[in-house]
Amino acid sequence: MTAAAANTILRTSRTLRRPSHVVATLFVVLLAAAVLAPLVSLAVIALAGDAEIWPHLAAYVLPKAITDTAMLLAGVAVLTAVIGIGTAWIVTTYQFPGRDALCWLLPLPLAFPTYIVAYVYVDMLDAIGPVQSAFRALFGYATAAEYWFPPIRSLPGAVFVMGLVLYPYVFLAARAMFQTQSASLIEVARTLGASRLMLARHIALPLARPALAVGLSLALLETLNDIGASEYLGVQTLTLSVFTTWINRSSLPGAAQIACVMLIVIVALMALERHGRRHKRFIVSARRARIAPRIPLKGRAGWIALALCLLPVCLGFILPAGVLVQEVVRRGLLFGFDTDLIGHTLTTVSLAAAATAIAIVLGLAAAICVRMVKSPLSNAGLVIAGLGYAVPGTVLALGLMTPLVSIDEGLNWITRNTAGVTVGLVLAGSSAALVVAYVLRFLAIATGSAQAGLARIPHEIDDVARTLGTRSAGIAWFIHLPMSRAALGGAALLVFVDCLKELPATLLLRPLNVETLSTYIYQFATRGNFEEGALAALLIVAVGILPVIHLTRFADIAPAPVASSSGR
Amino acid sequence: MAAITFRALARASIAALIAAGSAGVAAAQSGEVNVYTYREQKLIQPLFDAFTKDTGIKVNVVSASSGLEQRIKTEGANSPADVLLTVDIGRLEDAVQAGITQPIKSSTIDKAVPAQYRDPEGHWAGVSMRARVVYASKERVKQDTITYEELADPKWKGKICIRSGQHIYNNALIAAMIAKHGEAKAQAWLTGLKANLAQKPSGGDRETARDVAAGKCDLGIGNTYYYPLMQNNPQQKDWADATKVILPTFEGGGTHVNISGVVLAKNAPHKAEAMKLIDWLAGDTAQQMYANSVYEYPVKAGIAVNPAIASFGPLKPDALPIVKIGQNKKAAANLVDKVGFDN
């Protein structure tokens, strides 16, 4: 046994001496096991063989898939970071006309399923669309073959569409961090003669790093796991090769193998990022930070700030929403209202709400446990608990079926032996399967945000409370919960909206006769008629907007010149 | 005290479980049938409504785009699935391979569905057909007939549009080409077709049809039903008017068709109702509905196709046994990678 391993065990066993720590560790381990269950069943499928497909994949599929995926991820990373961090910096640092409205307008593109925005842009910018038709009329071209026009169905097109839909992940994370950054640091830096750019580079951004890492990794994992938009726009991603291997090469084991390798690479990258900031602490102040007042921008500067922030809102939200409204009107979807939609909306909202509540409670509890115990075991548990987001939805759903059915078989065994009845697929055959899938898939958002929020509370506060006789549960309730409320609110919003939009796992796991808004839209889209689903798409947006507005208002901390007392 | 509470809790939860489960059991007693389908629900619902009206049997549906065979397999003995409806021959073969089917023994099916569109052992039966056709520009393409082989002719250089070669519709076409001409010839053909493309494969059949209308290309390859969808949409009528649909044929053969079909699940809890549904789907009412609401070709002889589809001319389906397409699916997928068709 190596010294390091011995040391790890020693440290773990030492931290486990307190009974509350045993309970906390056990909780995190169990949560990790729940997330691991579908991944293990995936690994079991992968082990079933089919090694013979790898020479073919290596020769013809992977080189292209890896380059395309890498370029797509790099492009989306740059675009979401520039838009997300830039707009968050502007709305937290400056006061200008329209700034308050922008705070809730900027996250709105999140409410759109990515593939719907892809359809809208293809309709608009494709050869037959209004833009190119006008271009032809203007310059006297007879056909689209006579000139070159930047193709929207391309890798840059995919970067554009995904960047526009996914930047809110980064925006929300960056804004939450920027606006709670202490004024004193910024003032000290200013006194020392730092320019605004230097402030952003040397203070605001480094301090926001944990949150930005969470926001950016959510956006990138969403990009990586997307299948609808990238296939439609002709990008050959690795996730697409998982699907063609499964469906066309009829090799589920081969598909599972690719998915497992992807998962390992993702885990390695995430570990690398964590390793990079392992010795850094991101605590700002023991008291609730005094917020720097926003700098008023007058005249042209104010208008420029407004225009810069409005651009992503227009491209990512107003324009697609406008197209959908136009389709609703054109097709009379409002007057010939499909009454089924009311039921679908209720189903969607209740599933999403249940999953969000469970995910947030579990995520926060896990993050608090890890903070309390601080053992390598619980740290690893928390990382594993976030892996559901790192696999494509369909793959997670495939992996989840086996554990769910096994539990059902266990239940049937019990009822058969106690009451002599079989109850069928109680879990796998009901909406419970969907809630479980959503929670496991989006738990990463909850644990990530909770951890980022907790990281800003100094451990000294916990120690003081403990000295005063407060027990662990009391510290969690009276200190951790109130102080990470903003971060949790943002996480709840993301999880809720992600559940509303979730498609691949919902399609595969839903019980008989259950339709969500997302699956409703999809059935039209696959038939080349997505406009028929326009009203349902707007309903997702409408349901998603309410919490967005509520939460961004609630999170908009007023710049207070006087420090308030922390917690209670 | 604690033990009693625990026991009461356990008893209560078992009772709750049975109550929850009995909803499903009750469903098993009355006339119901559970359908897992790759067809979009809105599209197929009118058929099920008509079936319920005819027979009084309620139809419960779940639709998905992939993985239903796997779901039925994993659900195992407790699976509620009675019938699986698919839109591609490959999927039907996958279901048989997964061991989730049982033979459909029905004289109605044997009479209505031509042997070519049935599994010899009865594990699946086709209920409707779709053809993979050519959308051509009325203005720029003068010929009214074409062969699939001709699509690789250099005279079409830069003039053809198509979606990804890995999409199941194209996969089936390429598989048919391999079954007819062998892998080497099929590879040469696919390479030739690739060289003729106006742009990298992307989008769906509707984008392909639209690109032909916009003049981005002269020929597009797509399924039949998008044409009536364009015709029926006032904003898109002009696009439909600018294009014509040609039913291509293989050299010395007919037009490539794929089938949508049914499978009877191995553990079907409502087998009698399921058989009624399967027979009904091959009956006159359902076959007419397939023609007119889904714009597909009925498999049953003597049922008229929709006028919009009939305007393409009479369909002469290729004589290649449809099972051969499923058997060459994997080879077709590998060929697409090999020639870099989608790159």
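How many residues of chain B are in contact with chain A, and how many of chain A with chain B? I opened my notebook with that one, keeping in mind that this is a predicted model.

**Entry: where the chains touch**

I looked up the contact and found 58 residues on chain B and 56 residues on chain A. Next I checked which parts of chain B supply at least two residues each to the side that touches chain A. My list has helix 1 (2-29), helix 2 (41-55), strand 2 (58-63), helix 3 (68-75), helix 6 (168-181), helix 8 (205-214), helix 9 (226-232) and helix 15 (329-338) of chain B. Helix 8 of chain B gives the most, with seven residues. I also sorted this side of chain B by class: 18 residues are nonpolar, 23 polar and 17 charged.

**Entry: the two domains of chain B**

I then turned to how chain B is divided. Domain 1 covers 32-128 + 258-306, and domain 2 covers 130-256 + 313-338. Taken over C-alpha atoms, the centres of these two domains of chain B are 27 Å apart. Where they meet, I found 14 residues of domain 1 of chain B in contact with 13 residues of domain 2 of chain B. On the domain 1 side, helix 4 (89-97) and strand 9 (257-265) of chain B are the elements that give two or more residues. Helix 4 of chain B gives the most to that side, with four residues. By class, I noted seven nonpolar, four polar and three charged residues on the domain 1 side.

**Entry: a helix pair in chain A**

Here I followed helix 3 (residues 53-93) and helix 12 (residues 238-247) of chain A. Their axes come within 9 Å and cross at roughly 150°. An angle over 145 degrees counts as roughly antiparallel, so helix 3 of chain A is roughly antiparallel to helix 12 of chain A. Which residues meet? From helix 3 of chain A I wrote down I53(A), V61(A), A65(A), I66(A) and T69(A), and from helix 12 of chain A L238(A), S241(A) and T245(A). This contact has five nonpolar, three polar and no charged residues.

**Entry: the largest nonpolar core**

I finished with the largest nonpolar core, which has 287 residues. V161(A), A174(A), A437(A), F442(A), A446(A), V495(A) and V83(B) touch the most other members. Helix 7 (residues 155-178) of chain A brings the largest share, 19 residues.

Last, I looked around V161(A). Leaving out residues up to four places away in sequence, V161(A) touches T114(A), V117(A), A118(A), Y121(A), A229(A) and L233(A).

How values were computed:
Residues numbered from 1 in each chain as written. Chains lettered and ligands numbered in written order. Predicted model: local features only at pLDDT ≥ 70, side-chain atom pairs only at ≥ 80, totals over all residues. Axes fitted to C-alpha atoms, helices over the stretch in contact; angles between N-to-C directions. Parallel < 35°, antiparallel > 145°, perpendicular 65-115°, else oblique. Contact = placed C-beta atoms within 7 Å. Nonpolar A, V, L, I, M, F, W, Y, C, P; charged D, E, K, R; others polar. Core = buried A, V, L, I, M, F, W, Y, C linked by C-beta atoms within 7 Å. Buried ≥ 20, exposed ≤ 12 C-beta atoms within 10 Å, placed from the backbone. Domains from an automatic or database assignment.
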